Amino acid sequence: MSLTKLNISQIHHGLKEKDFSVVELCQQYLTEIKKKNQDVFAYLFINQDSVLAKAKQIDQTISSGQDFSLLTGVPGAIKDNILIKGIPCTASSKSLENYIAPYNATVIERLNKENCLILGKTNLDEFAMGSSTENSFFGPTRNPFDLTRVAGGSSGGSAAAVAANLSAFSLGSDTGGSIRLPACFCGAVGLKPTYGAVSRYGLVAFASSLDQIGPITKTVQDAEIVFNAIKGKDEMDSTSVHLENNQTDFSINQLKIGVPKEYFVQGINPEIKKKIEQVIEKYQVKGALIKEISLPSAEQALSCYYIIACSEAATNLARYDGIKYGYSAIQQTEEKINNLLDIYLKSREKGFREEVKRRIMIGTYSLSAGYYQAYYLKAQKARNQIINNFNKVFEKVDLIIAPVSPVLPFKIGEKIENPLEMYLADIYTVSVNLAGLPAISMPCGQINNLPTGFQIIAKHFQEDKILKAAKFYEKH
Amino acid sequence: MISKEQVERIAKLARLSLTEQEKTKYQKELTVILDYIEKLKKTETNHSDQRKHFKENKNVFRLDELVKENKAEKKDLINLMPETKDNYLKVKTVF
């Protein structure tokens, strides 16, 4: 029996019924990883030794007859920008290549409480900056459906791990689409929670007003299980929020679904457009009211996003200076260090790859004297307009259905030489982060044997609505 | 097209050292990206778009009190430092 194909609910059932043990489950996953990770390169680091020991421990707890939680013994993979104490956390960057995390992220503490099995850390674009995982210092993750193509980014490793049955679930992070895009490219479910729903403590910061950690899973129910385990207020993250337990009950024929007219006009692959129209029809047939809505030009949102994200990134990455931790020029014998400035310049020159340097420079430019008004301040005003527009739209509809990506998973190397073309892959995802809204990426079939997906977007803190609507599609 | 001097100014502010080749490369790439971002200038915004009137914004505070020292954690942090002396972080002189 191939245990690596099971979803979280099936694993829980199997463990309860004693169909298999956690050790057996763990061993099958480790074998599968040994077989496939060379090709897919989802994992950067595998917790080989400690995970079998933990599995034995969990088996003992289970056989003692006590009740155990849904996530007990379930193998998960964690994006390598989330800190796990005592193991490397590299953010796929040379600047953190040898950095051993001194503490656990809050999401890890919460998963540990559930007695999950953390198999290892997954590959990402360096500092989560990218849409294809090609910006990783360690090399790209390959799409399990076609190894010559990208897995999407920046949580490419996390999505590929789930898709290739190398983990039962993964955690990723989403700043401008980094959970939703790779989930879409790999045929997995990816949930980006409302900003503030999940603690960012222990997440390597990229853009602090946009970042969120979220699950990538095989099914919607699995996403719900993981989200419930990690969500909620954290004293260590002042932007995290206490969540009310609102379970709105509704049937599909009571739903008003908005479809943004601007998103389907230009630039989207016509086959993807057709798939999404078929998705919308499924809801319509069950009685949902479909309304055409207007979301402001996606291009404006993309410009706004890149100014804000790069500005926040320029600030957040200032800490990688070779002084307190990380790659430091002072330790390199071939470097001639004359003064403090040399340490900053040389550590950062060698520590960061191109995309990171590009974004730091765009951010620095936007925030610098003489340009701040025209760029950063303007972007903040545009952001508020985007927020207001979403608020107005949600007065008329309950949910929005939209594409995730205008393109199918592209070939490795195809877009990397053209940064702007790469940025355009995010065109449907960034406004969700700017407004702090929750959104899920749901797989909706394949085109030329490549996965594709759609987004369901809701008002703040209405993940329950999204999950229910997504479950409906999954079933039908 | 942004000038080479502008690229040098930005690099200096960002504490990034660039080779001459890199300066030319980033000059081209940044120009393309910044040209795209220029589109934002066309968006009509006004003073009321600034966030001051958002009622939902709340400040989150905690008491400014000392947390108990954790010797093990301190050791982990010191082990991460590139250069130390007598359990202190060693750096080049600032002035």
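Helix H7 (residues 220-230) of chain A lies across S6, strand S7 (189-192), S8 and strand S12 (439-447) of chain A. H7(A) runs at about 145 degrees to S8(A). Angles run from 0 to 180 degrees between N-to-C directions, and axes are lines fitted to C-alpha atoms, for helices over the stretch in contact. Helices (H or I, at least four residues) and strands (E, at least two) are DSSP runs, numbered from the N terminus.

This is a predicted model: local features need pLDDT of at least 70, side-chain atom pairs need 80 or more, and totals for chains, interfaces and linings use all residues. Residues count from 1 along each chain as written, chains are lettered from A and ligands numbered from 1 in written order, and side-chain values use heavy atoms, without hydrogens and water.

The strands belong to an open sheet of eleven, ordered S1-S3-S2-S6-S8-S7-S12-S13-S11-S9-S10 (chain A), with mixed pairing. Two strands pair if DSSP finds at least two bridges between them. Strand S1 (43-46) and strand S10 (289-293) of chain A are the edges, each pairing on one side only. The twist averages 30 degrees from one strand to the next.

Helix H5 (residues 156-163) of chain A also packs on the sheet. H5(A) touches S1, S2, S3, S6 and S8 of chain A, where contact means heavy atoms within 4.5 Å.

| Pair | Angle |
|---|---|
| H5(A) and S6(A) | about 155 degrees |
| H9(A) and H11(A) | about 100 degrees |

The axes of H9(A) and H11(A) are 7 Å apart. The angle makes H9(A) roughly perpendicular to H11(A) (65 to 115 degrees).

Definitions and conventions: Angles under 35 degrees count as roughly parallel, over 145 as roughly antiparallel, 65 to 115 as roughly perpendicular and the rest as oblique.
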